[in-house]
Amino acid sequence: MHLSGNSIIVLNVNGEDKTVMVKPAYTLLHVLREELSLTGAKSGCENGDCGACTVLVDDMPVKSCLMLAVEAVGHRITTVEGLKNAPIQDAFIKNWGFQCGYCTSGFLMVCHALAMHKPDADDPIIEEWLQSNLCRCTGYEEIENAVKSILSGNYK
Amino acid sequence: MIPFDFDYYKPESMDEAFKCYQDLLINNKKPLYYGGGTEIISMARVKGIVFDSVIDLKGIPECSQLEVSGGKFRIGAAQTLTNIAECNAYPLLSKTIKRIADHTIQGKITIGGNLAGTIKYREAALPLMISDCSLQVMTQGGLAELPFSKAFNGKLQLKKGEFLVSVLIEENDLSLPYNHVKRTKQEKIDYPLITMVALKNEKAIKTAITGYGDNPIILSERIINHKLYNVEQKINKIINLAHSDCKGDLSGSREYKEFVLENMLQEMFSNFEKIG
């Protein structure tokens with residue numbers, strides 16, 4: 001594959017193939033927000049530190065500011081818009097898992113992936129996964145409570 | 001957002017990648033091999049690195065292998081830290097790379113990127129430095145296998161246009177007793193103040209550290225395993241010998257790093273003593 005300048009690629013986002021014109025220098029975050037108008041993934045540090053831009057690529061969390069859009073060709077991308085009433089969203093509401101909300105979509109994606117891949121996660125695993133994201137309102141305890149409430153072993 | 005344009009190439013074979021790089025050089029381009037891309041993107045964003053073409057190695061099968069076969073653990077250079085840790089064929093390597101960056105980014109960082117990157121710590125190299133390890137490198141003459149100590153001297157020693165294809169570790173070393181300690185200035189997720197790894201086989205203890213100076217280093221095997229020195233003497237001699245390598249930085253002063261290393265060594269000797 002060789003892409004130069006404006007190029008047309010197909011990205012599978014939230015179960016749908018989207019044809020989009022990108023430059024190789026565009027990050028996945030940029031394309032999701034500016035080209036596909038999916039603004040759930042937030043731009044924070046753009047340096048891989050805060051996790052506000054986290055999406056799932058093939059069901060694993062990825063900081064979309066550190067991935068080129070062209071790298072995502074052939075992979076399944078899930079943004080917070082694609083969760084569609086997943087149990088973790090209800091759990092965040094019931095456990096007061098957000099305050100200002102800016103970090104919420106990133107945390108939702110990490111927690112959703114954690115529940116999918118490690119439904120029996122213990123405290124060290126939960127800590128390991130959640131440490132990838134920052135909440136400047138420091139609502140960590142509520143977020144932890146939210147994810148623990150859905151780790152039942154039957155998470156879909 | 002990366003503030004400049006570049007071309008993107010994704011070759012499907014080692015030869016194609018090598019030729020692509022050479023062709024770009026001939027055309028006065030500035031190509032860059034691309035693995036996970038985390039360091040490249042974050043540096044490019046602030047114009048800390050300039051290039052006009054990237055060659056993504058993730059489409060090359062040899063760069064994606066991850067298996068124990070033929071008596072060796074074979075890790076493709078484009079394998080992510082998460083996949084290597086989940087595979088857990090070499091527990092010391094798993095433990096070391098699970099402390100690089102954070103869990104999400106570990107799914108993007110590749111072992112090749114960690115070894116070849118410009119960030120000086122290169123923690124993934126530590127377990128490789130103290131095990132029977134070799135690197136497969138794509139060169140002008142084709143695929144070459146080099147002892148790790150020859151291909152990596154604090155940083156990868158590759159010629160322009162060469163790229164790392166895979167890491168091979170002898171199966172016998174994978175299950176040896178080990179010690180891993182990472183000390184940071186404050187946060188759990190941070191660059192190391194000092195990270196130390198050690199392996200113990202039937203003959204000797206081997207130890208490597210990073211964060212102490214400009215590059216990862218191996219601590220003197222002769223002193224660590226000297227039969228006439230007690231633990232205190234060994235530690236004093238190691239600290240003295242490594243004194244010229246030690247550099248203070250924002251994480252800690254030179255004196256503090258020496259103090260921390262002393263404690264880490266004591267802990268390591270004590271741990272290995274317990275297992276006999």
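Buried area is the accessible area, taken with a 1.4 Å probe, that two parts lose on being put together, summed over both. By that definition, chain B and chain A of this predicted model bury about 2,600 Å² between them, with 57% of it on carbon and sulfur atoms. On the side of chain B, Met1(B), Tyr8(B) and His103(B) lose the most area to chain A, and together they account for 27% of what that side buries.

The model is predicted, so that local features need pLDDT of at least 70 and side-chain atom pairs count only at pLDDT 80 or more, whereas totals for chains, interfaces and linings use all residues. Residues are numbered from 1 along each chain as its sequence is written, chains are lettered from A in the order in which they are written, and side-chain values use heavy atoms, with hydrogens and water left out.

With contact meaning heavy atoms within 4.5 Å, the interface takes 28 residues from chain B and 32 residues from chain A. Between the two chains there are 6 salt bridges, each being a side-chain nitrogen of Lys or Arg within 4 Å of a carboxyl oxygen of Asp or Glu. One of them joins Lys58(B) to Glu71(A), where the closest N and O atoms are 2.7 Å apart. Helices (H or I, at least four residues) and strands (E, at least two) are DSSP runs numbered from the N terminus; in these terms, strand 1 (7–9), helix 2 (38–45), helix 3 (81–87) and helix 5 (103–106) of chain B each supply at least two residues of the side that touches chain A. Helix 2 of chain B gives the most to that side, with 4 residues.

Strand pairing also crosses the interface, two strands being paired if DSSP finds at least two bridges between them.

| Strands | Sense | Bridges | Facing residues |
|---|---|---|---|
| Strand 4 (66–69) and strand 5 (72–76) of chain B | antiparallel | 4 bridges | Glu67(B) and Arg74(B) |

The hairpin of strand 4 and strand 5 of chain B has 2 residues between the strands, and Gly70(B) takes a positive phi near 60° there. Elsewhere in chain B, an open sheet of 4 strands has the order 9-10-11-12, with antiparallel pairing. Strand 9 and strand 12 (217–218) of chain B stand at its edges with a single partner strand each, so one side of each is left without a neighbour in the sheet.

Over all chains the count comes to 9 aromatic pairs, where rings of Phe, Tyr and Trp (its six-membered ring) pair if their centres lie within 6.5 Å, and planes under 30 degrees apart count as stacked, over 60 as edge-to-face and the rest as tilted. The rings of Tyr121(B) and Tyr191(B) have their centres 5.1 Å apart and their planes at 20°, so this pair is stacked. The pair links distant parts of the chain, 70 residues apart, with Tyr121(B) in the loop between helix 6 (111–116) and helix 7 (125–129) of chain B and Tyr191(B) in the loop between strand 9 (178–183) and strand 10 (194–200) of chain B.
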